[in-house]
Every structure is written in C-alpha cells, then in structure tokens.
Amino acid sequence: MKTNKYKIMNIKNILGLLLLSIIAISCEDYLKEDPPTFISTTNFYKTASDARTACDGIYENFSDGSSNSTYGRFWPVIDLGTDDVTSRTQGNLYNDFLTHTVSSTNSWFENFGQFSNFWIGISRANNVIAYVPQIEMDEDEKNSIIGEARALRALYYYHLVRTYGNMPLVTEAVSTEADFNKPRSSVDEIYNQIIIPDLQYAETVCKDALHLGRITKWTAKVVLADVYLNRAGWRRTSQGVLVQGDPSNWALARDKAKEVIENSPHDLNTVALTNGQNITPAYGVAWSESSPFTKESMFELAAVPVEGFGSWLSRECSPAPFGTGYWGRAAGIRPFVAQGNNDRILDMRFPGRPPAQGSFIPTPDLYDAFEDGDERRDWSLMTKYITSGGKTYVSQPTFRKYVDINYFLGDEGTSFRNTNNNFIIYRFADALLIYAEAANEADGSPSLDAYNALNRIRNRAGLANVSGLSQDAFRALAWNERRVEFNAECKRRFDLIRTNQLVTETLNITLTWTAQQDSATDYKNSFSQFSGTQAWPDNEWLLPIPQSEIELNEINGWLQNKGY
Amino acid sequence: MKIFYTICLLICSTFVFSQEIKVTGTVYDSEGNLLGNTSVFIEGTKTGTIADFDGVFSITVPNESSKLVVSYIGFVDQKLTVGLQTNFTIKMKPDTQSLDEIVVVGYGKVKKGDLTGAVSSIKEKDITNSGAVSIEQALAGKAAGVIVTQSSGMPGAGANIKIRGINSLNGSEPLYVVDGTPINNSSAGSLNSEDEASGSISPLSMINPADIQSIEILKDASATAIYGSRGANGVILITTKTGEIGKGVIYIDHDYSINQNIRTLPVLDSNEFWLTRNQANLNAGNTNLYSQQKQDSARAGLFRSTNWQKAVFRTGNTSNTNVNFSGGNKDIRYLVSTNLLNAKGIVEKTDFTRTSSRINLDANISDKIKIGTRTYYALIDSDQQSTSTNFTNTAGLNSIIQRAIRTPSFVGLDALSTDDGVEVYTPTLALEGNDFNNKISQYLVNAFGTYNFSKDFEFKSVITYQNRSTAQRFYQKNIFPAAFSRRGWAKTSDIRVTLFTNTNTFEFKKRFGKHNISGVLGQSTESFEFEMLRTSNHGFANDLLTYFDPGSATFNDPDIVSYQNSKLVSFFGRVNYNYQNKFLVTLTGRYDGSSRFAENNKWAFFPAAAVAYKLSREKFIRDIESISNLKLRLSYGLSGNQVIQPYQSLSQLQSDQVGFGDGSGGESLSTIYFNSQLPNANLSWETTAQFDAGVDFGFFNNRFNGTFDYYSKTTDDLLFNNQITIISGFRNFFQNFGSLESYGYELSLNGDIISTDYISWNLGVNASTGKTKITSLTFNNANSGYNQGWIAGGTQRLIVGEEVGAFFGYKTAGIAQFNDFVEFQNLSRADQIALYEADPSATYTFVNDFNRGLPINSTRHQPGEQLYNDNGDGELNEEDKRVIGTAQPDISFGINSNFTYGNFEFGLFIDGQLGQDLVNVANFQLLAFDAAQQLNTVLNAWTPINSNNVYPRLNALNSGASPFRFSDRYVEDASFVRLQNVTLGYNFGKVVLDKLNLSQLNVFVSGTNLHVWTNYSGFNPDVSLTGSNTLALGHDNGGYPIARSIRMGLKLKF
C-alpha cells in the first residue's frame, strides 16, 4: 500500500517536472527585451530621414543649449587672459585662466565638457560616416550628408588639436573597447589624415547654397582656408616645443579664401538696421535676433529661445545689469544730461536684470584697439542701449554679440536659460581677412586684391581705405583688423598663438577704463585677481588633458601635456 | 531535556492503531497560527501521531480516561483528558525560555532550532515600538549585521538598509518579500529631478507596521540563495498577521505623538554677517567695503536678525489609529485591519497621510484544498518640499533647509540686499511659493491555494500582483525674484508600477528511520512594468489654475513618457536533511533567467549548501546541565544581483532637437537621433559567494542564549556603469567588472536576567562588524562620491585595496602664520600685525625651507591662509589627494531592554554606529570662510590677533568653485549612540478588564530619538544624501532632521 502510493507520487513528481520544462522552453522568448521607448542601431540607419536626423545630431555638440554648452556658454573661456577678454567672476573656474593656474582638474574640462563635447561630436560623425553609405537614398543627398559629417568631424578635431595638442585618431564607429583605446597621434597626423581630407571631401560634395546652419561646400572651404592659415603659423606641441608651420600653407589659404570671395553666394552685410531710435550698424546685423543667418554667415549655430535650446551667454557676459561701477559709483550721477536724460544710473539699468555673472567681459585694451570712428567699437562693447522708443539703458561694458537684447530688456517669457543670440563661428569676413593676410605673406607684399579684401572690412565699419603699406605694416594692420572685427568670436587666443604674439600681446594689458574710453570715472573690475601683467606661461599655450581622461587612458600610454 | 526525550520516543515509536475512540484536534500557536507537525501521544504509552502541516491530527484512544500529551519544540507540553469530547482546539503556549520557534525562510518555514543558515528575526512588538511611519526605521539596531541609514526625517521617507556590508556598486538594497512574494521597492521618486534620492517617499512606507507579525532577515548564502539572482544583498521577509481560531477579537490602538527638531545649526546673525563679510572683502583686497557707520552699527548689534530655521521648522505631530478584527474557526480564519495615520512633519508644509486596509483570509475548502488571500490597499497623500537639493540654478527649488541655513539673517528685514549682490529669496517665500503633493495608491494582493496530495506532499500556487500608482503635482507660484523665477511653473507626473508574480511550489517531507528529508521545489515567473508621464509648463499669466491649465503656459517643456518592463523566470529548490536531529544539511539552488541581461547571458544558477551540527544533542554535552543548546553551522553558496535598469545591454539611440535656419528668415528645431548607449553583449549577473560559520548557544534552559557568526563574502563581475574614456563618444559603459570583499563578525545575546511572575527583565544586545573593500577594478580610481559640479572626480574614489566609500581629497595642514614668510622675519609681533594690516591682500614669500604644506595657489601666499599637505613637488594638485575618511562604520550595535514590574512595563532601546565618517556637504558653503552666510564657527577665523592653526582667515575669494578644495575639513566623525526609544506602559489588571469587558487594556508613553550622542555638526549623523547609492555613501547636505517624538497611546482588545 505504502509503496504504491509512493509510486503514484513519483509519477506526479515527474509530471510536475515535465510541466516545468515546458514552461522553460518558452522562456527565451519571454525574456527577450524589446523596448518600445528607444531605437536601436539595428533598426535605425534605414531611410533618408534616418541619415538626415543622425547627421543633424552631430551639430548638437557645439551648442546643445544645456548649461554645459560649448558655444552656448563655455567656449569663450578660451580667450580669457588674452588682451581682449577678462572676467569679473571672483574665485571660480574662470580666474584660473586669468591667473594662469589652469590645472587638469579645472571644472571647465572635467564638469562642463569642453573636452568631451567635441569627442561626442566625433563619435556621432563617425557613426554617420560608417552607417549612412549603406542606406538606399538619393546619392547626392547621401554624399552631402556624409560630407557634412566629415566636415563636422574635421571641425571638432580642429578645436581639439589647437586646444589640447596631440589627439587619438578615431575614424571608425565605436562598438567595442578596442575601437576607442588609442594612443595620442601627433597634431600633424590629425591634420593630414582627418581635418584636411575631410574638409576637402566636404567642399566637393556638400550643397552649393547659402548657409542655414548646416555645412555647405562654402563653409567647408572657409574652414579649410582657416586651417591652412593656422598651419602656416606657430604652435606649441604637447611636448612644449614651439614650432613654426610650413609657409607653403599661405598660398593654400589665400587660394581657398579667394574661391569663397569670388564664387560663393556670401557677402558682407552692408545695410544698417533701423528700428525707431534703435540703430544696428551694418556690422551688427549678423547678430541681430531678428535676422538670423544673414548672407554673411558661413557657420552659425542657431539658439532657439526654448529651454534646452537657447544660449546662456547673455547670463555669462553681463558684468552687472547697471553701470554704477562704470559710469560712477555715486548713485546720483546722471550720465546723459547733455542728451536730455535725467535718469539716475540705478534707474537706467536693464529691466531684465541679468545676473552679474560677468564671466566674459571686454578689456579697455580691446577698446583701444579700435580706431576712432570705428562703428564696430561702440556696438560691440555695449555700454548703453537705446530702444526704438528712445529709452536709454546703461551697463558696464558688455560684449554685445553675447547679448540677447530681449532678455536684457526683460521681455515676457525670456530667461537666461534660453536666450536667442546665435553664435557665428565663420563669416564671410573670415574669407576676406584670411585672404588679405595670407596673400600678403604668400606674395611677399600686399596685392591689390589683398587691399580690396581688407578695405571691404574697413569700409563696412565706417573706416577709410588703406593703401601703400609695406608687407610688415600690412601684416600688422591685418592682424589688428582681425582682432577688432572678430572680437568675442573666440579667435583671439588662436590668432596670438599662430602669430607667436601670445606672450608679447598679453604682458601689459590695460584694465582700467578711463574717460578716454567713455567711462565717467576710472573704473576697474575689482573682483578679478588678474593683474594684466603676467607673462603667458609656455605650458598654457595648450590646455591640459582633463585629469580623468589621463587616468582612463593610462592603459593607452597617454601622457599629460608638458607643464601640467 | 524532556522535550528531547519526547522527540526521540516519537521518532522511534511505531504507530499502533486501535479502534476504541477517535479523537481529532487542531493545534495552534499562541498567536493563532496553525502549528503543524506537533506530536500527539497517549500519556504513558508509545502510541502517538504527528499532526499534519496545518496542525490537524486524528488519533484513536483506548478509552475516555486516556490523556493526550501534545508537544512541540519551543512550546510547553499541553495535557488533556479525552472525556466525552472528541474534537479539540489546542493552543500551545510558547516555552518562555523558547528554545525554538518557527522562523519564516524563503518559500517555507523552519523551526529555529533546525536553521542551518544565518537568519535574524524581529517580532511584532519591536516593529511598532518606535512609532515610525515606515518599517525601515524600525529595523535600526534590531539585528546584528543590519545597518540602517536614514535618508531623511521627512515623514514617509525611506531608509537605506545594508545587510552584511556592500555587495554591489550598483545598489545594495536587500530584496523585500511580503507574505512569500518579492515586491517592488523602487522609490516613488521625486517630481523634481534635481532632488536627491533621499527626498522621495519609500514604497515600504505604504505598509502598515501594525499589520506585521514578524520580520526575518536572511543573511547568509544558505538562506538567500533560494532567491537566486536577487539574494546577494540579503532578503527581508515580512509576514503579516492572520486571524486566529476562536472568538472574534476586536483590537484598537491609537497613539498621538508630538515631534520636534532636536537641534538648529548656529549660523551668523545679521551683525556678525556684515562684519565677517566686510572682513572677508577687506582680506580679499576688494574695494567695496562697508561704511564705517555700517560697521559700527553692526558692532553695536543694531541690525535685526531673523532665525530662518525657526521659520521652516515647526512642531509636528502624528496621529495613528489601528482597528483590527480577527477570528475564525477550523475552516476559515480572517483578519480585517484598517489604519489611519496622519503625520505632520517638522518642516512646514510637509505631511503624510496613510489610509490602509488589509484583509487576510485563510479557508479550508476541503481536507485537501486550502485557499487564502492577503489583500492590502494603501492610499498615501503627502505634501513635500524640496529638502535635498542644492543647485543654485534650480529655479526657486533649493532645499528649503539649505535655504534656511544659507539665507543671511537680515534678508527681508533691511533694504540692503541687492546692491551687495546677496540676491536671494527667503525660505518663507519658498515655502509660500512651492506646493508639491504626492498621491500614491498601492494594491498588494496575494491569492493562494494549496492542494494536499498527502500529509507529506503538498502543492501550492500563488499569484501576486502589486500595482502602485503615483500622482505628483507641483506648482510654483509666480512670486520669486526674476532670477529664480519661471513665472509660474506647473509640473505633473503620473507613474504606474505593476509587478505580477506567479509561484508554484511542491513541498514534501519524508522520514526514513533516523533520516528525515523535507524540501521544496518550485518555479516562478515575474513580470514588471513601469510607465511614466511627466509634464512641465511654465510662464503663467496668473496663479489661479496652476497645473490644471497647462495650455495657458507660455513655455511648454517637452512631455516625457517612459516605459520599462522586465521579466524573471526561475526554478528553485531546497532539500533539508536531518539525521537524528543532530546533523542537519540544507542544499539550495535557483536557476534564474532575467530579461535584463544580454541575449546569451540571461541565465544563471545559484547553489548553496549548509550543514549544522547540534552538539548539544551529543551525550557529552547533554550531560552538562547548564548547556541547553549548542549548534555549529557552516554554509557556503552563491547568490546574485541583477539590479540594473532594463535594456542596459542594448545599443540605444536617443532623440533630441537642434535648431537650424528655416530658410525664411527664422529658425526652427529639427529632430535629431544619436547613439546614447554602447551595447554590451556580455552583460550578465554579478555574483556574490558567501561563507558563513556560526554558533548558536543557550544556557540554563536557554534563559541566556545567543548567536555568533563570522562571514566572508566576495562579489565578482560587479555590475557597474563604468566611466570610460570620452574618446568612445560615451561617458559610461555598463559592464561586469571588478570585485568586492567583505568579512565581519556578528554577535547577538539575549537573556532573561530576572524572570519571576512579578518582575522580569530581558536584555538583548547585538553588535556587528564588517566592511567592504574593493579588491579589483579594471582601472583604479573610478570617480565616485558626490559632486555638486566642481569637485573634480567627486568626493570619493574607488581604489583597489580601499574601502567602498573612501573619501578622497586634500588633507589640511594648519594655517600659514607670520613666521612662515620671509617678510615677517625678525619683526616684533606688533610690527608683524602692522605690516599685515597695511594690506591684507598682499602676498608674501614663504621662508626657504618651508614644508608645512601649501595654500591653494600662489595668490594665497598670505598669513592666515589654509595650508594643505603637499607631496613635496611644490604644487597643490591631484597627486596630493589621498584617502581622508571612510563612510562605513567599524561597528554597529543595538541594546534592547525590557523590564516588567507587575502591570508596568518599561522598554529601552539604544542603537549606535561607531567609526564612520560623514561629509557635511552643507559645510562646503557654511565653512567656506568667505563673504556669505555661514556657521558662527567662522567667528573663530584666523586674525592677526587670534592666530590659531585650525581655521583660516576670512577671504571673499573663497567663494565659488575654483578655490574650493575638498579636504578633511568637511569630513567629520559621525559616530553616534542614540537613545532610540524609551517606552513606559501599563497593562490594566483583570479586575479592570472584567469591568470594562475587555481582554486587554494597555496605556503607554514613549519617546523616540530622545538623544543622540555624537560629535557630528549637522542635524543627523546617520544620513544618506543619495539614498541607497553605494557610490556616494556618507553624505549629508542639511538633510531633513529626524524628529524627537513623544508618543502617548492606548491599546484595547475586546
């Protein structure tokens, strides 16, 4: 009896186990992950739309509208300590750049992504370059997209090598660890294997059109001209050696710039914008919030006034929303009495009250670099603003290009997190000034075309033609013309390196605003520890690789740039 | 020893059946649970039987005068005379010196004496005594090896529980199992993504502690391996109460408590503020100094001050009522309970209301079939404020407590603020401006049926579903200063979490002579789903319709819809082998398949084995009268961890938008896609191997008993979202890599020091050690810890050979003094002071062989500046950082004392953690020695006259990110001993009870968190800013303080 019962139970046991194994067979399907909320590489890169949206993704890393955005917030740090840009902000990451105490742990790299942003961009570009060719779509459109991706990859690398020196060569889409564990390659290798061929590819396949935010063949050409210009000049290597470029690049730069000047649909803006009593000179029109992507613009980043897509530069650039420091500390001062304005300084502050961040503010040294009568000066270094209705607001000197004036004016719905001021990285003016400088070097003396290029820039700013200069005098003028024309465009530091003036031009920087510079009282930024008299140290020609990256790439044999 | 003989007799006896009188009966324990496997024999004979799983027995006795003896280990023998009665309900009373009791383990129960693994039990009374809203707090100090870290004192906030150290870098929370089924314990989350994890409501707070019968904590691999892939962090089993056979019982308790903040931080008053600020500016060389008149006024104390902490803290109160009906007969047992809890937190506008009901039902359909349910519904309504954030850019949403300690006392009183750059909003404005409500409802339903094939073989099937819906509503009024304002801001979030589980088990047992085998075989499937919808809109014309009118907002942030699901399929089993009740062996295994891992790595097997040897059963020990129990245990096994988000092994693309020109003079946003995750085809479990050796002992009939355990654990293949080089285009890569190692000792002792009918005193002590170290990583020094955005690499590092939670930073080395500088040599003290005061911002040259340390940079070569240890290269850089503290405690302990004297009872509970360090994040700013609002400690700053070597001079340049150095100044010893609870109760005697027709009446007064002995300078020493995140242990950012509460209540039983 007992034994029988156990047999029955054993059978039940076996049945039970069978049941379990049946359940097990269907398990694999049950456990398969099929997420509805995101797309995977395997089902993407199939259509023309996939190619376009993936390509557009590469642009994001220049200006992603986040609080760590490059051209939307942090990149202007690159010019801190040059004769153009200083900082009001006391004691934070900015002052390390001014006092030349930059370290590899500075939060500019480590927390705010001014190294990583470029690499994320390169990675996205490599994906597009790897996966888009297999898509069945219009061939011209496909090639144009690949061209854009390669030009963007070149641009990201171009930022990296000028800032950080030797960089690893990554040209494949990353899928395994081996794809990204790489040693640092020399700057020359990066130029010759990536930057120059990528831009040469882009200039042949990208669209022949005016620029609307995406790379055109003309964008590629102007960047390439700029690359050649840099290749002709000086730089310091990661080992700290000062090297001079190959002078054969002058001719390359000249010719490439000439192509743009002669054949592109781009031109300078030459008509001022008048809105009631508010007048934007022709020079400033490219930055007007009401006219993005003018014909002058050749690589412009669109800031859209929506949180996450706007620029933070309006917050960063403003030293104080009112001008008491600049126009005089005594609250009773009335600066425009002669013009019939009896408001006190405190009553003339911008109603938007931008926070007094002042991360990037112009030096009086830059003010002095402008010739008298240069329209660019009073517009670029904004100290007052007259509205269309004639109301005057004053501020301490502020880079106008960084300001979304609607936010400063306190328009409903504006916020420092989403200001609308576009950053323009390349303009038609680049082609003109590259041409002028490169031609002067390549030809041994300024040609007529070189004068023409330079004078187009000067005339637009309300300045007279120049003529009859020696090669040296022309060079000096061209350099200064670049300085004032490209103020606040993040070109100064690289120009000073390229022309080997980084030490000489930054050794004695005027920092006190005086009556000669339209200041009511002598006014100096009292927050900064920057004296304007420090010699630029050799190590800071390049910035350090972020400490975490040095550690993560120890296995790849990375060494820190010399001096850090 | 009587019990032992009884058992032996029973085991050896043969069953002889006669035909005279058939007697049946059901055996219950004192709490009304059916007590299976009881032995029943006829007194004076060898004839007997064993009751089945449900305590039902049937025996035939020779005549009416026969006497039955019912016995069970851990209970006093019950004797009864048959008489004319043929059906008995027998209630067993626990042996007061209980040698053994029933302990819940994974998928079953076991006699405590037969345990082979390390399991701690916490009983009902210890759970409700603390008066905590959520059960986690009640566990603090209650069991050896269990460390509870309070995240926040907000009513309903969770606590972080670690069992035997840290097993994972990716979350080390134990698995919670309620009435046999694992539940989802993912945090309800905070609406404000800026809030740290500590600021959110714990799902466990939805469980009414008064419903809990017992909590078992499974610690070693033998106990946890049956939970396989989720057992590595230990398992907490929660068993709820059920109805008892007998007359219906109505039980009511009510208590009311008053809750207060224990301490406020001493911050500067207005006058001190203006003076320190002025001094800081002067020392920095700033020119914007205050007028002599203002300084004189400040010195004379003329400026008024507001104590902002007073403004945000209040006296809270909690009212808690339980009404509970239970009863039943042989065929049906029921328990219906309802709880109403209403807690007002000690921070203004924070409260927590819980309404919950439970129906626990057990019914016998037939001899073979039993069914039952555990049905629970809870509704939470909780108002919150931001209490854990500290981001200055967060519009109007800084932590309200941070805001209270950081807002200068003059703000809002004098029109001095904006021109001095102190533009802030006050805490009271923030309180007025922010409304944040959470409504959470949770069903936890468990329905089961069993089929009894025979008394040795039973099938059980359980389905459980858990559904939690969270509705969060936030509105910020348009009353903030422009810089902090979004001009009216509405956010909503709706979250649905469901977990469906089906478990099927076969339980069996069989005895072959001296061999006794029992066990369980089972299979389960689990399916988890998460769905969330969030909206955020800002810029409202008025504050009238708030989140009900999103369409009128001028800015609409993109809605966020997220979805996740994951599945788990498992097969598991356990076999217990018992030889002569002397040798015990347990073999456990679970085979788990989880959807979360890579395609070919979804399955893993987790085996464990344990042996126990009851030495006290051996003759040579048995003869020693004083030793009543001595058992040696050994176990080894594997358990796993799968706590990663779903989809981590897959390549992912993410979408966003970028602006371009639209070709007609404007701009528009275009959609973009980009790769956001590197795929990992090798992603799989992390596995913890654990060895445990323990001894259980009892003396003098177990009046004094205890347990001592040693364990060691190794976790391999750590699941970790590893930081990788950005050259890859990705910041992180989810990988299995690295190993952790922990070992420690656990001791618990319990004794009835006095045990008479009138006076009794029970004392329990537990203590444990155990720390987790990193033994391998693919690379050293992955960043961890806390980073507000400016501490390169964070406050902690993961370093091979160091503990998890090692703080990493600079070591302070005193303060630079006059004599350290060339310029001050050979001057009189007065001349030194004169030279310094001529220009406090001037820099000097350190003397030639100066080696006491370095200031942060060359602009600080000044007397009074903080020095840091330097490795000798003359530069203060990364190389100078080192381990400056550890977040894990050296030892944690609890002391529990219960004293009764007649009808009075007096309980005392103390817990403590010693040797752990805590980073006081709030002090990054409160002790910056700059020009902002700070602790009044800065009044001790270095001055030429008070040239101390501890605190640096005030310097306005200390503000901000760049001068900040994460140093040991912010790492504090957070050892503490806490008088956790004192309870005085009175049980009314029989006379009163009879008069009132009650069976129990108890009144009590109780104090919780009465005193904390600690040197920690913040509100609370056992706090975790980032919740259970093991990568950032030991941080406090002015967390919500834990209240001291005084509670009064009464308990009635009809």
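Contact here means heavy atoms within 4.5 Å. This is a predicted model, in which local features need pLDDT of at least 70 and side-chain atom pairs count only at pLDDT 80 or more, while totals for chains, interfaces and linings use all residues. Residues are numbered from 1 along each chain as its sequence is written, chains are lettered from A in the order in which they are written, and side-chain values use heavy atoms, without hydrogens or water.

**Stop one: the interface.** Select chains A and B. The contact takes 87 residues from chain A and 88 residues from chain B. The area buried between them (accessible area lost on being put together, 1.4 Å probe, summed over both) is about 7,800 Å², and carbon and sulfur atoms give 58% of that. Now pick A:Tyr30, A:Leu31 and A:Glu33, which lose the most area in chain A to chain B, together 10% of what that side buries.

**Stop two: a salt bridge.** Show the side chains of B:Glu599 and A:Lys32, which meet in a salt bridge at 3.9 Å, N to O. The term requires a side-chain nitrogen of Lys or Arg within 4 Å of a carboxyl oxygen of Asp or Glu. Between chain A and chain B the count is two.

**Stop three: a helix in chain B.** B:Lys294, B:Gln295, B:Ser297 and B:Ala298 are buried (under 20% relative accessible area, 1.4 Å probe, protein chains only). On the other side, B:Gln292, B:Gln293 and B:Arg299 are exposed (over 50%). Finish at B:Gly301, which follows H6(B) and has a positive phi, near 70°.

How values were computed. Helix = DSSP H or I, 4+ residues; strand = E, 2+ residues; numbered from the N terminus. Buried area = accessible area lost by both parts, 1.4 Å probe.
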